[in-house]
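Hi everyone, thanks for coming.

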Amino acid sequence: METQKLQKKNGQINIVLHDKNNGALKNTSQLPDAERSPFSHINSEFSSFIGMEKLKKTIREIYATIVINEKRKEMGLTCSKQVLHMLFKGNPGTGKTTVARKLAKMYFEMGLLSKGHFIEAERADLVGEYIGQTAQKTRAIIQKAMGGILFVDEAYSLARGGEKDFGKEAIDTLVKHMEDNHNDFVLILAGYPYEMDRFLTLNPGLKSRFPFILDFQDYEVNQLTKIAKQMVNDREYELTNEAEWKLRTHLYKKKQETHRNFSNARYVRNVIEQSIRLHAVRLLNNESFTVDDLIQLTGTDLSLDEE
(Lines give C-alpha, C1' and ligand atoms only; values in the text may rest on other atoms or scores of the structure.)
Protein backbone atom coordinates (compact mmCIF):
# COMPACT_ATOMS: atom_id res chain seq x y z
CA MET A 1 0.00 0.00 0.00
CA GLU A 2 1.41 3.41 -0.97
CA THR A 3 0.16 6.86 -0.02
CA GLN A 4 -0.19 10.06 -1.99
CA LYS A 5 -0.86 13.48 -0.46
CA LEU A 6 -2.97 15.84 -2.57
CA GLN A 7 -3.06 19.47 -1.46
CA LYS A 8 -6.21 21.44 -2.22
CA LYS A 9 -6.37 25.20 -2.75
CA ASN A 10 -7.84 25.72 0.69
CA GLY A 11 -4.69 24.21 2.23
CA GLN A 12 -6.30 20.95 3.33
CA ILE A 13 -4.40 17.72 2.82
CA ASN A 14 -6.21 14.77 1.27
CA ILE A 15 -4.44 11.41 1.65
CA VAL A 16 -5.05 8.75 -0.98
CA LEU A 17 -4.00 5.12 -0.57
CA HIS A 18 -2.80 3.17 -3.61
CA ASP A 19 -3.44 -0.56 -3.54
CA LYS A 20 -0.57 -2.26 -5.42
CA ASN A 21 -2.60 -5.39 -6.06
CA ASN A 22 -5.46 -3.90 -8.05
CA GLY A 23 -4.48 -0.30 -8.61
CA ALA A 24 -7.64 0.93 -6.88
CA LEU A 25 -7.55 4.20 -5.00
CA LYS A 26 -9.09 4.71 -1.59
CA ASN A 27 -9.85 8.10 -0.16
CA THR A 28 -9.18 8.17 3.59
CA SER A 29 -12.56 9.79 4.16
CA GLN A 30 -14.12 6.46 3.15
CA LEU A 31 -11.98 4.33 5.44
CA PRO A 32 -12.76 3.15 8.99
CA ASP A 33 -11.47 5.44 11.75
CA ALA A 34 -8.57 3.08 12.61
CA GLU A 35 -7.27 3.14 9.02
CA ARG A 36 -7.99 6.86 8.52
CA SER A 37 -5.91 7.80 11.59
CA PRO A 38 -2.71 9.73 10.76
CA PHE A 39 -0.95 7.35 13.15
CA SER A 40 -2.21 4.13 11.52
CA HIS A 41 1.25 3.17 10.21
CA ILE A 42 2.77 3.64 13.68
CA ASN A 43 -0.01 1.61 15.27
CA SER A 44 0.62 -1.08 12.67
CA GLU A 45 4.39 -1.14 13.28
CA PHE A 46 3.87 -1.61 17.03
CA SER A 47 0.81 -3.86 16.82
CA SER A 48 2.84 -6.92 17.83
CA PHE A 49 4.28 -5.16 20.91
CA ILE A 50 2.35 -6.10 24.04
CA GLY A 51 1.71 -3.15 26.38
CA MET A 52 4.24 -0.28 26.04
CA GLU A 53 1.50 2.36 25.83
CA LYS A 54 3.77 5.22 26.93
CA LEU A 55 6.30 4.31 24.25
CA LYS A 56 3.62 4.23 21.55
CA LYS A 57 2.30 7.59 22.75
CA THR A 58 5.81 9.05 22.60
CA ILE A 59 6.36 7.86 19.01
CA ARG A 60 3.03 9.35 17.95
CA GLU A 61 4.09 12.68 19.49
CA ILE A 62 7.41 12.59 17.63
CA TYR A 63 5.70 11.81 14.33
CA ALA A 64 3.04 14.49 14.83
CA THR A 65 5.78 17.06 15.48
CA ILE A 66 7.48 16.10 12.20
CA VAL A 67 4.29 16.53 10.20
CA ILE A 68 3.34 19.84 11.84
CA ASN A 69 6.90 21.15 11.44
CA GLU A 70 6.57 20.50 7.70
CA LYS A 71 3.34 22.51 7.64
CA ARG A 72 5.01 25.31 9.60
CA LYS A 73 7.89 25.30 7.12
CA GLU A 74 5.44 25.63 4.23
CA MET A 75 3.91 28.66 5.96
CA GLY A 76 7.31 30.26 6.53
CA LEU A 77 7.36 29.59 10.27
CA THR A 78 10.36 28.52 12.33
CA CYS A 79 10.96 24.74 12.62
CA SER A 80 13.04 23.21 15.39
CA LYS A 81 14.92 19.92 15.16
CA GLN A 82 13.88 17.32 17.72
CA VAL A 83 16.48 15.89 20.10
CA LEU A 84 15.67 12.18 20.30
CA HIS A 85 18.18 10.76 22.76
CA MET A 86 16.49 8.26 25.07
CA LEU A 87 17.04 6.39 28.29
CA PHE A 88 15.39 3.01 28.80
CA LYS A 89 14.87 1.53 32.27
CA GLY A 90 13.62 -2.01 32.64
CA ASN A 91 14.30 -5.55 33.75
CA PRO A 92 15.53 -8.22 31.32
CA GLY A 93 13.10 -9.33 28.64
CA THR A 94 10.95 -6.18 28.70
CA GLY A 95 11.79 -5.32 25.09
CA LYS A 96 14.41 -2.56 25.40
CA THR A 97 16.71 -3.82 22.65
CA THR A 98 13.84 -4.86 20.38
CA VAL A 99 12.25 -1.42 20.65
CA ALA A 100 15.55 0.34 19.95
CA ARG A 101 15.97 -1.69 16.75
CA LYS A 102 12.43 -0.82 15.69
CA LEU A 103 13.02 2.88 16.36
CA ALA A 104 16.09 2.93 14.11
CA LYS A 105 13.95 1.67 11.23
CA MET A 106 11.05 4.03 11.99
CA TYR A 107 13.23 7.12 12.42
CA PHE A 108 14.80 6.42 9.03
CA GLU A 109 11.35 6.11 7.45
CA MET A 110 10.32 9.39 9.10
CA GLY A 111 13.39 11.12 7.68
CA LEU A 112 14.90 11.74 11.12
CA LEU A 113 17.99 9.59 10.48
CA SER A 114 19.92 9.37 7.22
CA LYS A 115 20.78 5.64 7.47
CA GLY A 116 18.61 4.11 10.16
CA HIS A 117 21.10 1.44 11.17
CA PHE A 118 21.47 0.07 14.69
CA ILE A 119 24.74 -0.23 16.60
CA GLU A 120 24.76 -2.03 19.94
CA ALA A 121 27.62 -1.43 22.36
CA GLU A 122 28.61 -2.28 25.91
CA ARG A 123 31.29 -1.10 28.33
CA ALA A 124 34.08 -3.13 26.67
CA ASP A 125 33.38 -1.44 23.33
CA LEU A 126 33.74 2.05 24.81
CA VAL A 127 36.24 1.89 27.68
CA GLY A 128 39.94 1.42 27.06
CA GLU A 129 42.67 0.04 29.30
CA TYR A 130 45.01 3.01 29.24
CA ILE A 131 44.89 6.82 29.05
CA GLY A 132 43.64 8.17 25.73
CA GLN A 133 42.23 4.88 24.47
CA THR A 134 38.70 5.37 25.83
CA ALA A 135 37.95 8.60 23.99
CA GLN A 136 39.33 7.08 20.81
CA LYS A 137 37.22 3.92 21.12
CA THR A 138 34.08 5.85 22.02
CA ARG A 139 34.48 8.30 19.13
CA ALA A 140 34.99 5.38 16.74
CA ILE A 141 31.72 3.75 17.87
CA ILE A 142 29.87 7.07 17.57
CA GLN A 143 31.24 7.61 14.07
CA LYS A 144 30.09 4.13 13.12
CA ALA A 145 26.62 4.93 14.47
CA MET A 146 26.22 8.30 12.73
CA GLY A 147 22.98 8.39 10.79
CA GLY A 148 21.49 5.74 13.08
CA ILE A 149 21.04 4.69 16.69
CA LEU A 150 23.79 3.83 19.17
CA PHE A 151 22.34 1.57 21.86
CA VAL A 152 24.43 1.12 25.02
CA ASP A 153 23.08 -1.67 27.21
CA GLU A 154 23.90 -1.88 30.91
CA ALA A 155 25.04 1.74 30.61
CA TYR A 156 25.41 2.04 34.39
CA SER A 157 28.56 -0.08 34.10
CA LEU A 158 30.30 2.99 32.65
CA ALA A 159 30.21 4.60 36.10
CA ARG A 160 31.00 1.60 38.26
CA GLY A 161 34.71 2.38 38.73
CA GLY A 162 34.33 5.81 40.30
CA GLU A 163 36.14 9.03 39.44
CA LYS A 164 39.43 7.40 38.42
CA ASP A 165 37.82 4.86 36.11
CA PHE A 166 38.04 5.39 32.35
CA GLY A 167 34.29 4.85 32.12
CA LYS A 168 33.78 8.50 33.13
CA GLU A 169 35.78 9.53 30.06
CA ALA A 170 33.45 7.44 27.89
CA ILE A 171 30.43 9.21 29.41
CA ASP A 172 31.98 12.63 28.81
CA THR A 173 32.71 11.75 25.18
CA LEU A 174 29.17 10.47 24.63
CA VAL A 175 27.69 13.63 26.17
CA LYS A 176 29.78 15.88 23.91
CA HIS A 177 28.67 14.08 20.76
CA MET A 178 25.04 13.99 21.93
CA GLU A 179 25.08 17.77 21.68
CA ASP A 180 27.29 18.15 18.59
CA ASN A 181 25.63 15.52 16.40
CA HIS A 182 22.01 15.35 17.55
CA ASN A 183 20.74 16.21 14.05
CA ASP A 184 21.68 12.77 12.70
CA PHE A 185 22.53 10.63 15.69
CA VAL A 186 20.44 9.10 18.47
CA LEU A 187 21.93 7.68 21.67
CA ILE A 188 19.89 5.27 23.77
CA LEU A 189 21.23 4.22 27.16
CA ALA A 190 19.55 1.20 28.74
CA GLY A 191 19.74 -0.89 31.87
CA TYR A 192 17.98 -2.25 34.95
CA PRO A 193 15.74 0.30 36.76
CA TYR A 194 17.56 0.55 40.11
CA GLU A 195 21.02 0.64 38.55
CA MET A 196 20.01 3.27 35.96
CA ASP A 197 18.45 5.50 38.65
CA ARG A 198 21.68 5.28 40.65
CA PHE A 199 23.72 5.93 37.49
CA LEU A 200 21.82 9.19 36.92
CA THR A 201 22.47 10.36 40.48
CA LEU A 202 26.21 9.79 39.98
CA ASN A 203 26.09 11.97 36.86
CA PRO A 204 23.73 14.86 37.75
CA GLY A 205 24.02 16.61 34.37
CA LEU A 206 23.21 13.48 32.41
CA LYS A 207 19.47 13.21 33.03
CA SER A 208 18.71 16.53 31.37
CA ARG A 209 20.39 15.32 28.16
CA PHE A 210 17.63 12.77 27.61
CA PRO A 211 14.24 14.28 26.71
CA PHE A 212 12.75 10.77 26.69
CA ILE A 213 13.12 8.53 29.75
CA LEU A 214 10.97 5.44 29.37
CA ASP A 215 10.19 2.81 31.99
CA PHE A 216 9.77 -0.69 30.57
CA GLN A 217 7.47 -2.27 33.11
CA ASP A 218 7.48 -5.97 33.98
CA TYR A 219 4.74 -7.80 32.12
CA GLU A 220 1.62 -9.01 33.92
CA VAL A 221 0.70 -12.69 33.71
CA ASN A 222 -2.00 -12.04 31.09
CA GLN A 223 0.53 -10.17 28.96
CA LEU A 224 3.16 -12.90 29.38
CA THR A 225 0.60 -15.50 28.33
CA LYS A 226 -0.28 -13.43 25.28
CA ILE A 227 3.43 -13.12 24.43
CA ALA A 228 3.81 -16.90 24.78
CA LYS A 229 0.89 -17.54 22.41
CA GLN A 230 2.34 -15.01 19.98
CA MET A 231 5.72 -16.78 20.04
CA VAL A 232 4.06 -20.16 19.57
CA ASN A 233 1.94 -18.94 16.66
CA ASP A 234 4.98 -17.37 14.97
CA ARG A 235 6.56 -20.83 15.00
CA GLU A 236 3.35 -22.42 13.65
CA TYR A 237 2.52 -24.25 16.84
CA GLU A 238 -0.39 -23.80 19.23
CA LEU A 239 -0.91 -24.33 22.94
CA THR A 240 -3.65 -26.69 24.01
CA ASN A 241 -6.03 -25.40 26.68
CA GLU A 242 -4.28 -27.63 29.18
CA ALA A 243 -0.85 -26.25 28.24
CA GLU A 244 -2.04 -22.63 28.42
CA TRP A 245 -3.58 -23.20 31.86
CA LYS A 246 -0.40 -24.89 33.09
CA LEU A 247 1.78 -22.07 31.76
CA ARG A 248 -0.44 -19.34 33.22
CA THR A 249 -0.44 -21.03 36.66
CA HIS A 250 3.33 -21.37 36.56
CA LEU A 251 3.80 -17.72 35.59
CA TYR A 252 1.66 -16.56 38.54
CA LYS A 253 3.87 -18.59 40.87
CA LYS A 254 7.08 -17.40 39.22
CA LYS A 255 6.06 -13.75 39.40
CA GLN A 256 5.35 -14.07 43.14
CA GLU A 257 8.72 -15.73 43.78
CA THR A 258 10.79 -13.31 41.68
CA HIS A 259 10.30 -9.71 42.78
CA ARG A 260 13.32 -8.21 41.00
CA ASN A 261 15.08 -8.80 37.69
CA PHE A 262 12.55 -11.33 36.43
CA SER A 263 13.45 -11.95 32.78
CA ASN A 264 9.90 -11.49 31.47
CA ALA A 265 9.55 -12.27 27.74
CA ARG A 266 13.03 -13.79 27.69
CA TYR A 267 11.93 -16.29 30.33
CA VAL A 268 8.78 -17.10 28.35
CA ARG A 269 10.83 -17.59 25.18
CA ASN A 270 13.10 -20.08 26.96
CA VAL A 271 10.05 -22.00 28.24
CA ILE A 272 8.49 -22.14 24.76
CA GLU A 273 11.71 -23.21 23.06
CA GLN A 274 12.21 -25.97 25.65
CA SER A 275 8.62 -27.13 25.17
CA ILE A 276 9.18 -27.40 21.41
CA ARG A 277 12.22 -29.62 22.04
CA LEU A 278 10.29 -31.83 24.46
CA HIS A 279 7.41 -31.96 21.97
CA ALA A 280 9.83 -33.20 19.29
CA VAL A 281 11.22 -35.92 21.57
CA ARG A 282 7.69 -37.04 22.48
CA LEU A 283 6.64 -37.35 18.85
CA LEU A 284 9.77 -39.23 17.83
CA ASN A 285 8.88 -41.88 20.40
CA ASN A 286 5.53 -42.44 18.65
CA GLU A 287 5.21 -44.68 15.62
CA SER A 288 2.88 -42.24 13.83
CA PHE A 289 1.45 -38.78 14.28
CA THR A 290 -1.07 -36.45 12.69
CA VAL A 291 -0.81 -32.83 11.57
CA ASP A 292 -2.48 -31.80 14.84
CA ASP A 293 0.17 -33.75 16.74
CA LEU A 294 2.87 -31.78 14.91
CA ILE A 295 1.26 -28.47 15.81
CA GLN A 296 -0.07 -28.85 19.34
CA LEU A 297 2.05 -28.27 22.42
CA THR A 298 0.42 -30.07 25.33
CA GLY A 299 0.80 -29.79 29.08
CA THR A 300 3.21 -32.73 28.91
CA ASP A 301 5.56 -30.65 26.76
CA LEU A 302 5.77 -27.88 29.37
CA SER A 303 8.38 -29.06 31.84
CA LEU A 304 8.17 -26.29 34.43
CA ASP A 305 8.93 -27.98 37.75
CA GLU A 306 12.64 -27.35 37.53
CA GLU A 307 12.32 -23.79 36.15
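I'll start with the whole chain, then go to a sheet, and finish with some helices.

Before anything else, please keep in mind that this is a predicted model. The protein has 12 helices and 10 strands. Of its 307 residues, 43% are buried. Now think about contacts between residues with a separation of 6 or more: 68% of those in the protein come from residues 24 or more positions apart.

Let's find the sheet. In what order do its five strands lie? Reading across, you get E5-E6-E7-E4-E8, and this is an open sheet with parallel pairing. If the word pairing is new to you, strands of a sheet pair through backbone hydrogen bonds, either parallel or antiparallel.

Which strands stand at the edges? They are E5, residues 118-121, and E8, residues 212-216. Each has a single partner strand, so one side of each is left without a neighbour in the sheet. Neighbouring strands here are also turned against each other, by 20 degrees on average if we ignore direction.

Now zoom in on E7, residues 186-191. On one side, E7 pairs with E6 in the parallel sense over four bridges, and there Phe151 stands opposite Ile188 of E7. E7 is also joined to E4, residues 86-90, by four bridges, and these two strands run parallel. Here you can find Phe88 opposite Ala190 in E7.

Is E7 mostly covered or mostly uncovered? Mostly covered: six of its six residues are buried. Val186, Ile188 and Ala190 point one way from the strand, while Leu187, Leu189 and Gly191 point the other way.

What about helices on this sheet? Helix H3, residues 53-74, packs on the sheet and touches E4 and E8. The direction of H3 makes about 155 degrees with that of E8. Then there is helix H6, residues 133-145, which lies across E5 and E6 and runs at about 135 degrees to E6.

At 1.5 Å a residue, its 13 residues should span 18 Å, and the end C-alpha atoms are 19 Å apart, which agrees.

Which residues of H6 are buried? They are Gln133, Thr134, Ala135, Thr138, Ile141, Ile142 and Ala145. Their cover includes E5, E6, helix H5 (123-126) and helix H7 (167-180). After H6 comes Gly147, with a positive phi near 90 degrees.

Last stop: a pair of helices. Two packed helices are described by the angle between their axes and the distance between the axes. For helix H10, residues 241-257, and helix H11, residues 264-284, the angle is about 140 degrees and the axes are 13 Å apart. That makes H10 oblique to H11. The contact is made by Leu247, His250, Leu251 and Lys254 on the H10 side, with Tyr267, Val268 and Val271 on the H11 side. As for handedness, H10 passes H11 in a right-handed crossing.

Conventions: Residues numbered from 1 in each chain as written. Predicted model: local features only at pLDDT ≥ 70, side-chain atom pairs only at ≥ 80, totals over all residues. Heavy atoms only, no water. Pairing = 2+ DSSP bridges. Axes fitted to C-alpha atoms, helices over the stretch in contact; angles between N-to-C directions. Contact = heavy atoms within 4.5 Å. Expected span 1.5 Å × (residues − 1). Buried < 20%, exposed > 50% of the residue type's maximum accessible area, 1.4 Å probe, protein only. Parallel < 35°, antiparallel > 145°, perpendicular 65-115°, else oblique. Left-handed = near helix turned anticlockwise from the far one by under 90°.
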